[in-house]
Each structure stands twice: as structure tokens, then as C-alpha cells.
Amino acid sequence: MSKSHNKKRNVGILYEQLLRKISSALVDKDQQTAERTVSILKKHFKPGTQLYREFRVFNALVKTKVSSESLACRILDEAKKAARDHDPIRLRAEKSALIKEINYKLTDPKFYHQRVRDYRSYATIQQMMNCWRRPDDEVDIRRLSQYENSTVEWLMADHEPRGLAEQRDPDVNVLTVKIMTEKFNGKYGAVLNEDQGEIIRRYALSEVAKDDSEFISYLDGVKNKTLASLQKYARLCENRVLNEKMAPVIDKIRSFNTSTVDDDSLAKFLLLSKLGQELRGKKNE
């Protein structure tokens, strides 16, 4: 029979709660706690550990979205193979070490009570992975089937990204967005639209996770989308003077470097996002 879910040993929930702890510490200007939590995150989720390997599989199941049931089932099969390749004894020891360090170094009685969005799906995915690693004679087939069916439905579900205004609840995205929004409003005096809020949210999370690969890919998409809108507008525009001025603007946008992520380059992409939104607005007028 499958054991009840222990959220303290859910790799996805632990990771999200560590991110939230970093963000809340930054909001409270508690640099020491923020740095201590970052240190815990980097130490226990580093490549080569069983915890990191489990998190990669877990995160792939959480983040991947597909349009067909057959593809979702193939993804599930690959995830099952990867999960069964984990060393369950080392994984359990590594989770115990992580929990111990959280308890002793953070000493926050509310740490494990931090709300995680999509908690139910996180719990289902962790329990499913736990079942995959058990000996066949210890697995509750009926319950495992329920976990797998729910995960297939999750992979096929349409999860719309939340806009800035929608994120008014106590989770890491709100806290990090609050920091970055105040920072950029103060520096540039901008009133952020929803697209700009999404850029800042992704930037803030890449800063916390110390991994900007997904954010760089997102900026490439913003750049290409805006270029396409601008070029389409230029083809339809009958103003000769405006068209002459548009060519150097297009060349300038093409030269934007997405490989270097800092405050100044982020400001350029916030303006680029605003331009793209205005162009799309003109197209719909």
C-alpha cells in the first residue's frame, strides 16, 4: 500500500520553499538569511547528487506541456526509466541531510508551511516517482495508475502564465517580482505592462536560481517577436519618412545581445516589450 504523502521529502516542494525563503529574506533586507539559504540550495541541488537528478526529472514533468496523450505517455515512460535509475538509499540520505540543514541553519518554524502553487500536482508527481522506485511486490497498482493518469492530464493541461497583477499571493514569484518591480520603477520610472512584468518575473527567478539559460531563450523570443511585428508594420506603413527611420531601428534591435543579462540590458528589453505591445495594438486598431 502506498504511504501518505510527506511534503518534507517532496523534492519540488522543498526547492520551491527554499526559493520563497530567499525571496522573503530579500524583501525583509535580511541578506544573511538570503545568503545562507542560497548556500543550502547550491550545496544540496548541485549536479552529481541524487537529489539533483530527482529534481531534474520532477521539474521536467512539472514544466513540460504537450498536446497529445501519446506524447505524454512517452514522456512518462522516459521519466520512469530515469527515476528507476536513481539510488534510493543515497537519495533518502541526501534528503535527510537537506532537511537537517534547513532545520538547523534556518530555524524557521514556518518554513514547511509556505504555500506552493499546484501543491496537489507536486504531491502526485512525487508519490508516483516514489512508487516507480519500489519493488514490484510493494506497489499499489491501482494507486500508481491514478498517479500516472493524473500526471498525463497535467502534461496535457493548458497552464496559462500568470500576469503581474494576478500574482498577489504569498509565493516566491510575488516577492521577487515586488523587488524587481520597485527597483526598475525607481530607476526608470516605468509603469509596467503585463509583458514587462513577465520579463521581470523570469529575470528575478533566474537570479535566484543562478541559471539564466531559460531567461535568455525567453529574451530571444521577445526580440524575434518584436522584430516580426515591426517588419510587418513597416510593410503596411505608407509614411515614407517613418519607413526611412524604421530601418535603423530594426538594425538596432537585431544587434541586441541576449547572452549578457544585467540591469541595463534588461531595461532595453522592457522597452522592446513595450514597443512590441504598441505595434500589436496598432495592428488591431
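A60 lies in helix α3, where helices (H or I, at least four residues) and strands (E, at least two) are DSSP runs numbered from the N terminus. The structure is a predicted model, in which local features need pLDDT of at least 70, side-chain atom pairs count only at pLDDT 80 or more, and totals for chains, interfaces and linings use all residues. Residues are numbered from 1 along each chain as its sequence is written, and side-chain values use heavy atoms, with hydrogens and water left out.

With a relative accessible area of 36%, A60 is partly exposed; buried means under 20% relative accessible area, exposed over 50%, and partly exposed in between (1.4 Å probe, protein chains only). A60 and A79 are separated by 19 residues in sequence, and their C-alpha atoms are 8.4 Å apart in space.

Helix α3 spans residues 50–63 and also holds E54. E54 is buried, because its relative accessibility is 0%. Leaving aside residues up to four places away in sequence, E54 touches V11, H86, L91, K95, Q126, M129, N130 and R133, contact being heavy atoms within 4.5 Å.

The protein chain as a whole contains 12 helices and zero strands. Of its 285 residues, 44% are buried. Among contacts between residues at least 6 apart in sequence, 73% join residues at least 24 apart.

Helix α6 (residues 119–133) and helix α7 (residues 141–156) have axes that come within 9 Å and cross at roughly 130 degrees. This angle makes α6 oblique to α7, since angles under 35 degrees count as roughly parallel, over 145 as roughly antiparallel, 65 to 115 as roughly perpendicular and the rest as oblique. Axes are lines fitted to C-alpha atoms, for helices over the stretch in contact, and angles run from 0 to 180 degrees between N-to-C directions. On the α6 side, the contact is made by S121, T124, I125, Q127, M128, C131 and W132, and on the α7 side by L144, Y147, E148, S150, T151 and W154. These residues comprise seven nonpolar, five polar and one charged; Ala, Val, Leu, Ile, Met, Phe, Trp, Tyr, Cys and Pro count as nonpolar, Asp, Glu, Lys and Arg as charged, and the others, Gly among them, as polar.

C131 is buried, at 1% relative accessible area, whereas C73 is partly exposed, at 33%. With a disulfide taken as a pair of cysteine sulfur atoms within 2.5 Å, the count comes to zero disulfides.
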